[in-house]
Amino acid sequence: MVYLRRKILLSGTALNQLQKSLRWSSSLKIRDKNEIRPERSFKYADLSVRLAAPHQLQPKPNVRALSFGKYFTDHMLKIFFYETLGGWQTPEITPFENLVLHPGAKVLHYAIELFEGMKAYRGVDGKIRLFRPELNMERMNNSAVGSGLPSFNGNELIKCFTRLISIDQEWVPHSTAASLYIRPTLIGIDPTLGVSAPDSALLSTIYPLMARWLWRS
């Protein structure tokens, strides 16, 4: 019994010494703010559009029965980033669809991701308006820098999702009681394990409907 106790104490001492000698290390590259390089961004001028077929169009819900994040518009925006292919690829608007991810995608294992949230309102004059989206883009780029994700030109993204709003404009409620929520999301999709800055990413934007009383701002 005495021998066993002495062995446990010695093991504990060795473990403490080992812990003191350890240093946490990570290959995750935290990007410098100078790495926000708009010139490497995707361009709105290259945007491709593939419209949903009639059978893919969804019925509009009753505004009075809305719950947040349950109903989505007919289309979405997707932009891939591949370092090996030169960076950002052609932005595309497609019918709303599921994403296909490798089981080893970094977003699934290390939560290398970020998102922003803003709203599109329809005024009493029928016009659709956004509220200072450039500030959301600035915050999104700053988050990308800190997450090891690629940065982009915020104005180009605003143009892209504004085009998406124009395509799905009938989803913007004709009501002062609801609005269209805009959720741009950027995720690391490298099909590899190991904590490191991803060499591939996906920037997608989806539009769920929301009642204004669910989120007042």
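Which residues in α3 meet which residues in α4? Before I answer, please keep in mind that this is a predicted model, in which local features need pLDDT of at least 70 and side-chain atom pairs count only at pLDDT 80 or more, while totals for chains, interfaces and linings use all residues. Residues are numbered from 1 along each chain as its sequence is written, and side-chain values use heavy atoms, with hydrogens and water left out.

Let me start with the overall layout. The chain has four helices and 10 strands, where helices (H or I, at least four residues) and strands (E, at least two) are DSSP runs numbered from the N terminus. Read from the N terminus on, the order of elements is α-β-β-β-β-α-β-β-β-α-α-β-β-β.

Now to the two helices of my question. Helix α3, residues 133-147, and helix α4, residues 154-167, pack at an angle of about 125°, and their axes are 9 Å apart; the axes are lines fitted to C-alpha atoms over the stretch in contact, and angles run from 0 to 180 degrees between N-to-C directions. That makes α3 oblique to α4, because angles under 35 degrees count as roughly parallel, over 145 as roughly antiparallel, 65 to 115 as roughly perpendicular and the rest as oblique. As for the residues, Pro-133, Glu-134, Met-137, Met-140 and Asn-141 in α3 meet Gly-154, Leu-157, Ile-158 and Phe-161 in α4, where contact means heavy atoms within 4.5 Å.

Let us turn to the aromatic rings. A pair of aromatic rings is described by the distance of the centres and the angle of the planes. Rings of Phe, Tyr and Trp (its six-membered ring) pair if their centres lie within 6.5 Å, and planes under 30 degrees apart count as stacked, over 60 as edge-to-face and the rest as tilted. By this rule the count comes to six aromatic pairs. In one of them, Phe-42 and Phe-152 are stacked, at 5.9 Å centre to centre with 25° between the planes. Phe-42 lies in the loop between α1 (2-21) and β1 (48-49) and Phe-152 in the loop between α3 and α4, so this pair ties together parts that are 110 residues apart in sequence.

Phe-152 is buried, at 1% relative accessibility, where buried means under 20% relative accessible area, exposed over 50% and partly exposed in between (1.4 Å probe, protein chains only). Trp-88 and Phe-152 form an edge-to-face pair, 6.3 Å centre to centre with 90° between the planes. Finally, ring pairs link Phe-42, Phe-81, Trp-88 and Phe-152 into a cluster.
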